[in-house]
Amino acid sequence: MELFQLSRANDVRDAVIAGAASQTAQQGAQVRFLAGGTTLLDLMKLDVEKPARVIDISHLPLDRVETTDEGGVKIGALVRNTDLAMHPLIHEPYAVLSQALLAGASVQLRNMATTGGNLLQRTRCVYFRDTAMPCNKREPGSGCAAMGGFNRMLAILGTSDKCIATNPSDMNVALAALGATIHIQGTKGARSVPIDDFYLLPGDTPERETVLEPGDLVTHVTLPPIPGSRSLYLKLRDRASYEFALASAAVAVNVADGRITRARVALGGVGTKPWHAHEAEAELAGAVPDEASFARAADAALAGAKPQSQNGFKVELSRRCLIHALIQVTQSV
Ligand code: SF4
């Protein structure tokens with residue numbers, strides 16, 4: 001691990017100013033905010049992340065879950081994954097989010113990992129974490145070892161000829177289905193970004209994963225109310241715990257008079273970002289909740305899939321995952 005300067009922020013403003021100033025003063029040197037550290041410290045030990053300065057934000061007052069005036073929920077960026085999954089405002093009302101959180105990582109990691117950190121979780125592409133291998137995301141312009149290499153776990157949606165890495169988070173998939181909004185404090189003030197616009201597709205610049213600018217700090221996430229909705233997260237993986245998704249589906253569905261009145265759908269394990277399946281939602285709106293409708297929705301969601309040499313199985317796996325999630329969530333409606 002390379003030497004770095006460590007400081008502690010006393011408040012949000014302090015953190016943002018310190019983050020932006022360090023970046024400028026050190027001519028673009030990397031600055032990283034440290035919360036739970038479950039991704040950042042791993043990557044620093046591997047020399048994948050080499051920040052010149054680390055700013056500890058773990059003591060900032062961003063650890064509350066509360067209702068919003070609109071009837072939704074506000075989640076502080078420092079709320080731990082376990083606390084969020086078990087919180088009464090989340091556990092049943094937003095079951096899909098609770099289930100996604102509890103499907104991720106291990107108990108020990110969930111006890112440390114934060115909401116903000118999980119939003120910014122880096123890919124598990126093996127070449128990204130191996131500094132001996134070419135990787136456009138880690139070192140722009142160096143190439144992509146995964147294209148002709150080990151890509152069984154990687155993406156089939158949203159890829160480019162520069163990068164095919166999957167967004168590994170379960171939580172982010174649930175947030176995409178729920179239409180979360182990400183709230184950011186930057187040097188020019190506060191702003192809010194819908195989750196669909198928060199993540200960037202790799203395109204020609206896979207090193208840039210979100211719209212965050214130097215010094216930007218995610219302060220909280222808000223969820224809209226989902227009255228009358230039943231929701232569910234289904235994750236398929238190589239083993240039953242402590243494993244990343246090969247395919248997952250986050251669904252929230254409203255049914256009235258034998259028809260789907262509103263469906264929210266996102267896919268995990270298959271996209272370069274948490275994959276909000278708008279085409280599937282359009283297919284389901286007004287449909288009878290049966291297997292034929294679900295199959296049409298799944299086909300629409302995967303229509304743009306581009307499999308790599310080892311992950312063609314993900315197209316059918318993801319399709320079946322979504323169909324099964326929709327069957328389960330509508331079974332007792
Ligand atoms: Fe790097 Fe992306 Fe290629 Fe993996 S898929 S080696 S993260 S450029």
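Me: What share of the 333 residues in the chain is buried?
Reply: Keep in mind that we're looking at a predicted model. A residue counts as buried when its relative accessible area is under 20%. Of the 333 residues in the chain, the buried share comes to 53%.

Me: Why can we call the chain as compact as a globular protein of its length?
Reply: Let's start with what's in there: the chain has 11 helices and 12 strands. For 333 residues, the globule rule gives 20 Å, and the chain is close to that, so it is as compact as a globular protein of that length. The radius of gyration behind this is 20 Å.

Me: In the open sheet of 3 strands, what is the strand order?
Reply: Look for the edges, S1 (5-8) and S2 (31-34), since each pairs on one side only. S1 pairs with S3 (residues 53-56) in the parallel sense, over 4 bridges. Neighbouring strands here are turned by 25° against each other on average, direction ignored. The order is S1-S3-S2.

Me: Which residue in S3 is the bridge partner of Gln5?
Reply: S1 covers residues 5-8, and its parallel partner S3 covers residues 53-56. The bridge partner of Gln5 in S3 is Arg53.

Conventions: Residues are numbered from 1 along each chain as its sequence is written. This is a predicted model: local features need pLDDT of at least 70, side-chain atom pairs count only at pLDDT 80 or more; totals for chains, interfaces and linings use all residues. Side-chain values use heavy atoms; hydrogens and water are left out. Two strands pair if DSSP finds at least two bridges between them. Helices (H or I, at least four residues) and strands (E, at least two) are DSSP runs, numbered from the N terminus. Axes are lines fitted to C-alpha atoms, for helices over the stretch in contact, and angles run from 0 to 180 degrees between N-to-C directions. The radius of gyration is taken over C-alpha atoms; the globule rule is 2.2 Å times the number of residues to the power 0.38. Buried means under 20% relative accessible area, exposed over 50%, partly exposed in between (1.4 Å probe, protein chains only).
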